[in-house]
Amino acid sequence: MKLKYKILALNVAALFIMLMILGPIIIKTADNYNLLNILNYLQSQGDYSTFYIEQYVLNKASNIFEVPSIMESDSSYLCSYLNKNIKSRVQIFYGNRLLGDSEEILEENITIRPEVAETFKGNKAYIITKNKNRILYYATPLNIDNRYNYSLAFIYDLKDADNMKAQNISMFIVTGILAASLSVFFSIIISGKITNPINDLTKSAKLLSQGNLEQKVKVSSNDEIGELANNFNYMAKSLRNMINQLKDEKDKQKNFFDNFTHEIRTPLTTILGYSELLWKTDDIDVKDKSLFHITSEGKRMLDMIEKLLELSRLKRFDFQINKCDTNLKVVIEEVCDSIQYKLRRYNIDLKLELEDLSAYVDPDLFKQIIINILDNSIKYSETSSIDITLHNKNGIKLRIKDYGIGIEPETLENIFEPYYKGDKSRSSSIEGWGLGLSIVKEIIDKHGAKIEIASGKNKGTEVVITL
Ligand SMILES: Nc1ncnc2c1ncn2[C@@H]1O[C@H](COP(=O)(O)OP(=O)(O)OP(=O)(O)O)[C@@H](O)[C@H]1O
Ligand SMILES: [Mg+2]
């Protein structure tokens, strides 16, 4: 069964049960209230009438013994008189004899009714018949001078109360039908409001499962369904991002592989070329030259393999870095000492401005960062000076700045991708692999640190590392 119909059925059932319980209670309560009012009315009329009859008879009788004969003769008149004021048939009984009746008496000796019998025990009593047209029989003792015991009885037709009861029942049925129709109407609207977004969600989820990732559910409500739709949209977006990331990763892997094979080709071709030459020639100079090239290309390849191994080692998720409290100033100075020879060869001035700062880093990896960045400035920038500063301002900041040719914006954008090289290094005179800054970025990430490279054409390059 569809949720929509379940909600509908539940609402209608709840309403039906409520009406079935409430209806009879309300109708019964209203009827009882009516009957009680009538009973109170008859009781007060009864009290008044008995008083009136007693006064009437005592006034008329010249002595007390005349009371029975006056009652015999005047009862019918008294009943008719009282009937004019009371909306009820009036009767007067003496024992099981009917002395007077406001309506025509058909027989005098009738079977005495229980409520009348009760009055001769000194009690007021009433009976309501249970058939369709109900009648209320009410009787009260009529004692004259505490000596003669009569009974005054009212026969009250309950047709007004019956009508009202019937009216109430039909009103209840009409209201019930109206309420049921309204409930069906609103249930359809509400269940639609609940189930439409669920249907949308189901459709979207189906499309999503078929690989259509651009799914979005319209969120119109602020309730649990809205929240579900929001979460669905969020999930679809995350899925989209994840799949895009995977695609990117796949592209990157393919690029990496293409680049690797491309890069390895040139030195291998050179090595093979000179190796063949060695077989063919006897010229000692050519042999020397060939051996030199074979050795240097082999070394270069070894350098690349080492860098690749380092990169893959850093990329391993279980790679552990050995952090310890490291004096950064000392480490930087050590690196600078080790490249003095290179700096002199390129005629570069090195200016240091280092605060004596320590940080919790892996000293060997930290050294690698500085070596790679300095190596780039030396190799590519054609600068005549490099500044290194180390300060503690909003975190420990290490700046390495050269004043050379700068990096092209396009290169800068992809500079951390493996094998990505700028134009300068593609030219054969300077031979980098494009792996240095990938390794640097990996080390920076492992330390949870930040690296920013700012560069402008002929304005130089500044690398800032924030620990
Ligand atoms: N200070 C700089 N000035 C000018 N160009 C730079 C500078 N630093 C880096 N580059 C450019 O960025 C490229 C990427 O540098 P990266 O260190 O990753 O690779 P590489 O130096 O070419 O190779 P490897 O470091 O593996 O030997 C370089 O090829 C170079 O073109
Ligand atoms: Mg480099």
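Helix axes are lines fitted to C-alpha atoms over the stretch in contact, and angles run from 0 to 180 degrees between N-to-C directions. The structure is a predicted model, in which local features need pLDDT of at least 70 and side-chain atom pairs count only at pLDDT 80 or more, while totals for chains, interfaces and linings use all residues. Residues are numbered from 1 along each chain as its sequence is written, and chains are lettered from A and ligands numbered from 1 in the order in which they are written.

The chain contains twelve helices and twelve strands, taken as DSSP runs numbered from the N terminus (helices H or I, at least four residues; strands E, at least two). The radius of gyration, taken over C-alpha atoms, is 56 Å, well over the 23 Å that the globule rule (2.2 Å times the number of residues to the power 0.38) gives for 467 residues, so the chain is more spread out than a compact globule. The C-alpha trace spans about 175 × 55 × 35 Å along its principal axes. An automatic or database domain assignment divides the chain into domain 1 (3–165), domain 2 (213–315) and domain 3 (320–466). The centres of domain 1 and domain 3, taken over C-alpha atoms, are separated by 114 Å.

Helix α1 (residues 3–60) packs with helix α2 (residues 67–85) at an angle of about 135°, the axes lying 10 Å apart. This makes α1 oblique to α2, where angles under 35 degrees count as roughly parallel, over 145 as roughly antiparallel, 65 to 115 as roughly perpendicular and the rest as oblique. The crossing is right-handed (the near helix is turned clockwise from the far one by less than a right angle; anticlockwise is left-handed). S49, I53, Y56, V57 and K60 of α1 meet V67, I70, M71, L78 and L82 of α2, contact being defined by C-beta atoms, placed from the backbone, within 7 Å. These residues comprise eight nonpolar, one polar and one charged (nonpolar: Ala, Val, Leu, Ile, Met, Phe, Trp, Tyr, Cys and Pro; charged: Asp, Glu, Lys and Arg; polar: the others, Gly among them).

The axes of α1 and helix α4 (residues 159–209) come within 9 Å and cross at roughly 160°, which makes the two helices roughly antiparallel. This crossing is also right-handed. The contact of α1 with α4 has 20 nonpolar, ten polar and three charged residues.

Helix α5 (residues 224–280) and helix α6 (residues 284–315) cross at roughly 155°, with their axes coming within 9 Å. Helix α5 is thus roughly antiparallel to α6, and their crossing is left-handed. Residues in contact include E263, I264 and P267 in α5 and V286, K287 and S290 in α6. By class, this contact has ten nonpolar, five polar and four charged residues.

How values were computed: Contact = placed C-beta atoms within 7 Å.
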